[in-house]
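Notebook open, structure loaded. I want to go through the charged pairs and then the ligand site.

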Amino acid sequence: MVVAIAGAHGKIAMQLIALLQAHGEQAIGLIRNPEHADDVGREGATPVVCDLERAAVDELADAIAGADAAVFAAGAGPGSGAARKLTMDRDGAIKLLDAARASRVRRYLIVSSVGAENPPGDDDVFSVYLRAKAEADRAVMASDRDWTIVRPGRLTDEPGAGRVRIDTAPFSGRVPREDVAAVLARLLQDPRAPHRLLYVNGGSQPIERALEEILAEPASR
Ligand SMILES: NC(=O)c1ccc[n+]([C@@H]2O[C@H](COP(=O)([O-])OP(=O)(O)OC[C@H]3O[C@@H](n4cnc5c(N)ncnc54)[C@H](OP(=O)(O)O)[C@@H]3O)[C@@H](O)[C@H]2O)c1
């Protein structure tokens, strides 16, 4: 399997690349800063410089051509203002979706966020972020790709606990990025993962068991 990852130098993405590498899968790591190429390459991905806010859809489509799955793990980040929540978190995710369609990349996974199910309507930057995530997710769900949406709560840099709670109904919490990466890696391998929107946080179930239970339920279509 070849997995194209947008935001490849990000914290979840780097751990996902390492897991894919350990499983013998290939990764294309999309980065915007050429200085990140060595880090991404060392983790095991083929780095491709492509700024999601600047690239045209066909440029991005060329960058991910031949992949089996596209993963949106990018984000404007905590220091960014409202404008980049729209150009990056919303439009970047949708551009990757359009590129996946253009390049016939079947699977599309997005790291969204809890709160996107009911984002506030005010001008607070975090509210704009949640609305951006919500709009991107709506486009993903309306698409003809084999999509999966993962909505974690507060991400932490603690070591992965290997234990999570996964639900189709919204719930808040916190979760190590390492555990989110492990969930993504497992979802990429599973033919039952498409057409699901999953909330993920730290919990008491081993990742494998939590996923087995949720993936045994029928998908949304
Ligand atoms: N923080 C939280 O608690 C939280 C909670 C729920 C969900 N999330 C979501 O989880 C996802 C992953 O989070 P994370 O903390 O692992 O991410 P991260 O470490 O902040 O990494 C984000 C990556 O996106 C890249 N990026 C930004 N703008 C870009 C552009 N125009 N083109 C290409 N790449 C670009 C960044 O590259 P540069 O280094 O070049 O900027 C960075 O490598 C994000 O979508 C985030 O919104 C976060």
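I searched the whole structure for salt bridges and got 20. My cut-off was a side-chain nitrogen of Lys or Arg within 4 Å of a carboxyl oxygen of Asp or Glu. Bear in mind that this is a predicted model, where local features need pLDDT of at least 70, side-chain atom pairs count only at pLDDT 80 or more, and totals for chains, interfaces and linings use all residues. Residues are numbered from 1 along each chain as its sequence is written, and side-chain values use heavy atoms, with hydrogens and water left out.

**Entry: Lys 11 and Asp 157.** I looked up this pair and found a salt bridge, with the closest N and O atoms 3.0 Å apart. The two partners are 146 residues apart, so to speak at distant parts of the chain: Lys 11 is in helix H1 (residues 11–22), and Asp 157 is in the loop between strands E7 (154–156) and E8 (163–167). Helices (H or I, at least four residues) and strands (E, at least two) are DSSP runs, numbered from the N terminus.

**Entry: Arg 84 and Glu 53.** Here the closest N and O atoms of the salt bridge are 2.8 Å apart. Arg 84 sits in helix H4 (residues 82–102) and Glu 53 in the loop between strand E3 (45–49) and helix H3 (57–64), so the bridge ties together parts 31 residues apart in sequence. Both come out partly exposed, Arg 84 at 25% and Glu 53 at 24%.

**Entry: Asp 146 and Arg 106.** I got 3.3 Å between the closest N and O atoms of this salt bridge. Asp 146 belongs to strand E6 (residues 146–152) and Arg 106 to the loop between H4 and strand E5 (107–111), so parts 40 residues apart in sequence are tied together. Arg 106 is partly exposed, at 40% relative accessible area. I also noted a network: salt bridges with shared partners join Arg 186, Asp 190, Arg 192, Glu 208 and Glu 212.

**Entry: the ligand.** How many residues surround the ligand? I count 26, the closest being Arg 32, Asp 51, Glu 53, Ala 74 and Tyr 129; a residue is in if one of its heavy atoms lies within 4 Å. H1, H4, helix H5 (125–142) and E7 each supply at least two residues of this shell.

Next I went through the N and O distances. A polar side-chain atom of Arg 32 is 2.7 Å from a ligand oxygen, and a backbone N or O atom of Gly 10 is 3.1 Å from a ligand oxygen. Asp 51 has a side-chain N or O atom 2.8 Å from a ligand nitrogen. The protein covers 84% of the 930 Å² of accessible area that the ligand has on its own; areas come from the Shrake-Rupley method with a 1.4 Å probe.

**Entry: helix H5.** Asp 137 is in helix H5. Is Asp 137 buried or exposed? It is buried, with a relative accessible area of 0%. Its side chain makes a polar contact with the side chain of Arg 151 at 2.9 Å. That term means a pair of N or O atoms within 3.5 Å; within protein, one must be able to donate a hydrogen and the other to accept it, and residues adjacent in sequence count only if both atoms are side-chain atoms.

Terms used. Buried means under 20% relative accessible area, exposed over 50%, partly exposed in between (1.4 Å probe, protein chains only).
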